[in-house]
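Thanks for coming. I have one structure to go through, so please look at the sequence and the model as I talk.

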Amino acid sequence: MTRRALIAANWKMHKTLAEAEAFVKAFLAPGCDWPGIEVALAPPFTALAAVGAALQGSRVKLAAQDTHFAEEGAYTGEISPRMLQDLGCTYVIVGHSERRRLLGESDEFIHKKLRAVFTHELIPILCVGETQDERRMGATERILERQLLAALNGVTPEQAARLVIAYEPVWAIGTGQTASPEDAERAAHFLRKIMQELWGTQAAESVRIQYGGSVRPDNALELMAQPNVDGLLVGGASLDPIAFAEIVKAAAAARKHARAP
Ligand code: PGA
């Protein structure tokens with residue numbers, strides 16, 4: 001089965017409106033079309049509307065970095081999935097390790113968000129990944145399994161067909177220390193195996209699994225060459241339109257190579 005690759009830019013807390021618009025203009029420069037690759041940009045909430053408008057007429061999708069689970073209500077400072085849908089978002093990142101770690105988001109909270117994202121016909125990019133200490137203790141698979149099963153509780157095989165998982169080892173995020181392609185493949189394969197047990201082979205095979213953590217133009221191709229790695233979630237290197245375009249180009253080259261007889 002060929003899964004459509006998804007390369008997503010996670011800008012985190014970066015870029016003013018003017019900077020976000022300048023990025024889109026440079027990124028969508030004439031001639032940028034990557035066959036077989038889907039691209040999404042996740043700007044901060046403040047720039048979602050402007051980036052959405054700037055992307056009109058292109059095939060690049062709009063993504064949000066987070067959501068609340070409620071449709072509306074007394075949740076000061078929060079943004080609901082209904083609002084994201086209204087803004088034209090296609091994807092929503094859920095359970096990013098920075099939110100788990102710095103803002104104390106629990107597996108249960110992430111589970112509620114994931115369900116809400118599905119309810120609103122948005123596509124979740126569910127992030128899972130182990131810390132350096134967990135890896136050292138040999139607990140990587142146990143952590144991945146716990147995070148995945150907690151989040152996916154009650155998700156149907158039909159919903160699973162739309163799901164995107166991002167394997168993001170915490171020790172690789174923003175550190176310049178990328179997981180080896182073999183490590184990324186091993187984790188992605190493990191995650192797919194768990195989903196196979198949950199929903200059967202067909203549904204598990206349709207889930208796209210991204211790798212994230214210090215992805216750069218010079219390591220994107222190798223990572224994308226792995227059979228279970230279907231995309232990349234890019235932080236730091238996605239802030240520069242030229243570097244991000246090079247990553248997308250590398251992903252397209254890896255896909256083309258994989259398809260060649
Ligand atoms: P990074 O971030 O590419 O800067 O390591 C990735 C992420 O947090 O999604």
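How many nonpolar, polar and charged residues does the shell around the ligand have? By class, there are four nonpolar, seven polar and two charged residues. Keep in mind that this is a predicted model.

Let me stay with the ligand. It is surrounded by 13 residues, and the closest are Lys-12, His-96, Glu-168, Gly-174 and Ser-214. Take Lys-12: an N or O atom in its side chain is 2.7 Å from an oxygen atom of the ligand. For the side chain of Glu-168, the distance from an N or O atom to a ligand oxygen is 2.7 Å. Gly-235 uses its backbone, with an N or O atom there 2.8 Å from an oxygen of the ligand. On its own the ligand exposes 290 Å², and the protein buries 95% of that.

Next, Asn-10. It sits in strand β1, which covers residues 5–10. Is Asn-10 buried or exposed? Asn-10 is buried, because its relative accessible area is 4%, and the cut-off for buried is under 20%. A polar atom of the Asn-10 side chain lies 3.1 Å from the backbone nitrogen of Lys-12. After α9 comes Gly-200, with a positive phi near 90 degrees.

Methods:
Residues are numbered from 1 along each chain as its sequence is written. This is a predicted model: local features need pLDDT of at least 70, side-chain atom pairs count only at pLDDT 80 or more; totals for chains, interfaces and linings use all residues. Side-chain values use heavy atoms; hydrogens and water are left out. Helices (H or I, at least four residues) and strands (E, at least two) are DSSP runs, numbered from the N terminus. Buried means under 20% relative accessible area, exposed over 50%, partly exposed in between (1.4 Å probe, protein chains only). A polar contact is a pair of N or O atoms within 3.5 Å; within protein, one must be able to donate a hydrogen and the other to accept it, and residues adjacent in sequence count only if both atoms are side-chain atoms. A residue is near a molecule or strand if one of its heavy atoms lies within 4 Å of it. Accessible areas come from the Shrake-Rupley method with a 1.4 Å probe; for residues, only the protein chains shown count as cover. Ala, Val, Leu, Ile, Met, Phe, Trp, Tyr, Cys and Pro count as nonpolar, Asp, Glu, Lys and Arg as charged, and the others, Gly among them, as polar.
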